[in-house]
There are 2 protein chains.
Amino acid sequence: MVRWEPDSRGRLEQAALALFGELGFEDTTVAAIAERAGVTERTFFRHFADKREVLFGGGTSFQDTIVAGVQAAGPDRSPLEAVAAGFAAAGALLEGRREFALARSAIIAANPGLQERELIKLASIAAAVGESLRERGVGEPDADLVAELGVAAFRVAFSQWVATADAPPLPELIDEAFGRMAALAR
Amino acid sequence: MVRWEPDSRGRLEQAALALFGELGFEDTTVAAIAERAGVTERTFFRHFADKREVLFGGGTSFQDTIVAGVQAAGPDRSPLEAVAAGFAAAGALLEGRREFALARSAIIAANPGLQERELIKLASIAAAVGESLRERGVGEPDADLVAELGVAAFRVAFSQWVATADAPPLPELIDEAFGRMAALAR
């Protein structure tokens, strides 16, 4: 019965998000996700460790994109500019998956346990960004302050992005948030 | 056997923190806390709903202090100055309970579940500060940006405060963090 399934990962993601929305995250089983996607449970587990990983599996590449963006910023860039560049790069990544990101965000907002997980993800991103600033020679507490500031700007931009159907592109909102933050901090 | 116990709440706090440190949070029972404090379990439950509340019961007054500080700031103060005043007031509150705050912080750092709870507390503070800024007439996204910025400055100041035995007073570190943040945002 097992056969090659084109983009089974993508179909599993879609099926999972649809079911999380219909039944709630807690009441959705891996069996139901696999069935909806038309694949076996075994195929599900080839792609994801558990159903939560459908929502959080992209976290590592998201964080890596931010850190790579910070590292790629020229040495003449200020710490805040480097962090803004990192988050803008990650924003472009999300912009390309807007439908998935919106559905994911709605499911997380409906589940306190997933919200906690999301907060931990953001705290881990702040720590990684702080580390990449220290590698650029930024001292303490500046590295941590700018990292936290970056996460704060990203959070606000992200909420604007998911709040309305006709929101501007996320990288643009992130740029604006960093700009507003600089103005407000003066 | 039940008799009036002077400051049973304070002794329960001390007993709980000591046991959390010795046995770990998970392996500490309410019975053991009450015994160490020399009171009955019934007395424990007159003060706390459960053992977690020993660590998080002060969260409401902490948040209220920040919000009251924001509200008390004169109308000529910028949003960031108002938020800095709120966090400095809360910093003074913690400074007066440094021993408790340090022990609490070490226990939370050792337990992922408690760390999640702490992150949620900070997210709730950011939301409350954002709301108090909107009441001051600050628009969006500025209110949320400044609120997040305030939490970020507080987090960094707090880690400095708990990192070394001879750290400067917390309100001073908070002031410095807000000042550094303003400089870094330029």
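Chain A holds 10 helices and zero strands, where helices (H or I, at least four residues) and strands (E, at least two) are DSSP runs numbered from the N terminus. Read along the sequence, the pattern of chain A is α-α-α-α-α-α-α-α-α-α. Keep in mind that this is a predicted model, in which local features need pLDDT of at least 70 and side-chain atom pairs count only at pLDDT 80 or more, while totals for chains, interfaces and linings use all residues. Residues are numbered from 1 along each chain as its sequence is written, and chains are lettered from A and ligands numbered from 1 in the order in which they are written.

Let us begin with the overall build of chain A. Its C-alpha atoms fill a box of roughly 60 × 30 × 25 Å along the principal axes. Of the 186 residues in chain A, 36% are buried; a residue is buried if 20 or more other C-beta atoms lie within 10 Å of its own, exposed if 12 or fewer, and partly exposed in between, with C-beta atoms placed from the backbone. Among contacts in chain A with a separation of 6 or more, 58% join residues 24 or more positions apart. Here two residues are in contact if their C-beta atoms, placed from the backbone, lie within 7 Å.

Now bring in the second chain.

Where the chains meet, the contact takes 25 residues from chain B and 25 residues from chain A. On the chain B side, helix 6 (79–95), helix 8 (112–135), helix 9 (142–163) and helix 10 (170–185) each supply at least two residues, and the largest share, 11 residues, comes from helix 9. By class, this side of chain B has 17 nonpolar, one polar and seven charged residues; Ala, Val, Leu, Ile, Met, Phe, Trp, Tyr, Cys and Pro count as nonpolar, Asp, Glu, Lys and Arg as charged, and the others, Gly among them, as polar. Because 100% of the interface residues of chain B are also interface residues in chain A, the copies meet through the same surface.

The largest nonpolar core has 76 residues, and A:Leu149, A:Ala153, B:Leu149 and B:Ala153 have the most contacts inside it. Such a core is a set of buried Ala, Val, Leu, Ile, Met, Phe, Trp, Tyr and Cys residues joined through C-beta atoms within 7 Å. A:Ala153 is found in helix 9 of chain A and is buried, with 30 other C-beta atoms within 10 Å. Not counting residues up to four places away in sequence, A:Ala153 touches A:Phe87, A:Ile174, A:Ala177, A:Phe178, A:Met181 and B:Leu145.

Finally, the peptide bond from A:Glu140 to A:Pro141 is cis, with omega near 0°, and A:Pro141 lies in the loop between helix 8 and helix 9 of chain A.
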